[in-house]
Amino acid sequence: MALKLFNTLSRSIQEFAPLASPNVGMYCCGPTVYDFAHIGNWRTFVFGDLVRRTLELKGYAVTHVMNITDVEDKIIKRVRENKTSLREFTGKYEAAFLEDLKTLNCLLPHHTPHATEHIADIISLIEKLIARGIAYKAADGSVYFSIEKYRGCGCTYGQLLKLNFDEMKAGERVKSDEYAKESVADFALWKARVPEDGDVFWPSPWGEGRPGWHIECSAMSTKILGPSFDLHLGGEDLIFPHHEDEIAQSEGATGKPFVKYWLHGAHLLVEGKKMSKSLGNFFTLRDLLAKGFTGREIRYSLLTAHYRETFNFTLDGLHGARTALARIDECLGKLRDIAGRAALPRVQADQQVGPTGLVQNFSAALDDDLNISAAWGTVFEWVRETNHRLAENSLSAAEATAALTAWNKIDSVLGVGATIGFEIPAEMNLLLEARQAARKAKDFKRADAIRDELKAKGWAIEDTAKGQRLKRI
Ligand SMILES: [Zn+2]
């Protein structure tokens, strides 16, 4: 069966056929490093990771690019407010982002280009657009993309989203990176330096200034993946104007189709409501780790809903993830005991392994526009059957090994395997150390309070020959 995906460009489910199979060029819009990424952002990045891992399971050679947006409107505002430098400010949040990516066991993209390191490419792309008559310098010193000229060349503006051009006011311009589709207008490619930019500016043929956010992604994606590539991913909030503008800039400059398949992940609600700081349902990954959940549990939870469905993220759901993972771990643990903990043989991508059709059924579920619920369905059906065989003691060591090999193959996509299964968050280990210190100082009241805090966060203290250790309750 072939992989089918919903392409926002055609608004339909299409068979995936890359431009130069087995190679796949995939670009995911990365983080704007001005704060810690929240759980809604993480849904999109985990979705990108699922797409890449699924393609790799199917034998494609993926080149995964994810940009780091390290200069745009919001960043400059924060740099000004914090009285710091651009590099110092963005460096801090980029490091946190990459750490969080690891916590969620997302594969590191092959390329993570920074906008500030591609200013020359951005300028040369704008020069191409000016040479083709599609971009112009306005009286304010900034360079804008002309939607009228672009459409005049026979190009379509509004490929991902239907736009009503009758409502457009000719000659209107928008300088800010974010705007609604009701205010569609010529957008800024290069923003002339203004006092609020502080020392964030670069020289250009049009004077000092900085790039607009949209042109950054066009320049970096085409630089690394070429003028046309296979997959472009992002959250659905990026469809307009960001992705629409990316298409216009890239196709306007190269005259070639930019991206073959556009994939968009749906929004996330938290406890049934739109996430907001005032409602107290705004979570960064770090907030959830501090509550005692692990990256593995959070990843599992984010992977339970289909990417095109609005997902209601809840703390109850995370507890459910813990239970579900414990079921898988218990089953895997027993299989390992039977298999004798021998090293597992590596398997080829197309090799048929394990219990009847497990890998094939799992893979077929993902072929159906990444039907993750059906994919989990095959996993839990397998766990149920395996537990049954374990209960009747009818599994041989060879069968247990084959089952574990099949699981490893599946887990190359799910990424929730036992390798990250017993991670203990750093915060919990710090609490354990604090408790040991309290006991040493004979402050038993404090030691007990810390024990209760650990318990509330789902961790029990276990005495072992090597001293005290934390254990999941
Ligand atoms: Zn982008």
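**Sheets, cores and a zinc site in a predicted model**

Within β13, K274 is the bridge partner of L269. This is a predicted model, in which local features need pLDDT of at least 70 and side-chain atom pairs count only at pLDDT 80 or more, while totals for chains, interfaces and linings use all residues. Residues are numbered from 1 along each chain as its sequence is written, and side-chain values use heavy atoms, with hydrogens and water left out.

Strands (E, at least two residues) and helices (H or I, at least four) are DSSP runs numbered from the N terminus, and two strands pair if DSSP finds at least two bridges between them. Three strands make up an open sheet of mixed pairing, in the order β13-β12-β14. Because β13 (273–274) and β14 (311–313) stand at the edges with a single partner strand each, one side of each is left without a neighbour in the sheet. Strand β12 (residues 268–270) runs antiparallel to β13, and two bridges join them. Helix α1 (residues 39–57) lies across β12 and β14, at about 140° to β12; such angles run from 0 to 180 degrees between N-to-C directions, with axes fitted as lines to C-alpha atoms, for helices over the stretch in contact.

Another open sheet has four strands in the order β4-β3-β10-β11, with parallel pairing. Its edge strands, β4 (61–66) and β11 (259–265), each pair on one side only. On average, neighbouring strands of this sheet are turned by 20° against each other, direction ignored. Three bridges connect strand β3 (residues 23–28) with strand β10 (residues 229–235) in the parallel sense, and L233 in β10 is the bridge partner of C28. Helix α1 packs on this sheet as well, touching β3, β4, β10 and β11, and its direction makes about 150° with that of β10. Contact here means heavy atoms within 4.5 Å.

What coordinates the zinc ion? The donors are C29 (SG), C217 (SG) and H242 (NE2), at 2.0 to 2.2 Å. Donors are N, O and S atoms within 2.8 Å of the metal (3.2 Å for Na, K and Ca), and the site may look incomplete because water is not among the atoms. Along the chain, the donors follow the spacing C-x187-C-x24-H. C217 is buried at a relative accessible area of 0%, and H242 is buried at 1%; buried means under 20% relative accessible area, exposed over 50% and partly exposed in between (1.4 Å probe, protein chains only).

Helix α7 (residues 239–254) is mostly covered, with 15 of its 16 residues buried. Its end C-alpha atoms lie 21 Å apart, which agrees with the 22 Å that 16 residues should span at 1.5 Å a residue, the expected span being 1.5 Å times one less than the number of residues. Just after α7, G255 adopts a positive phi of about 70°. In the loop between β10 and α7 sits E236, which counts as partly exposed at 31% relative accessibility. Beyond four places in sequence, E236 touches H264, G265, A266 and H267.

The largest nonpolar core has 76 residues, of which I39, W42, L55, L231, I298 and W376 touch the most other members. A second, separate core of 55 residues includes A135, F145, A248 and A253. Such a core is a set of buried Ala, Val, Leu, Ile, Met, Phe, Trp, Tyr and Cys residues joined through side-chain atoms within 4.5 Å.
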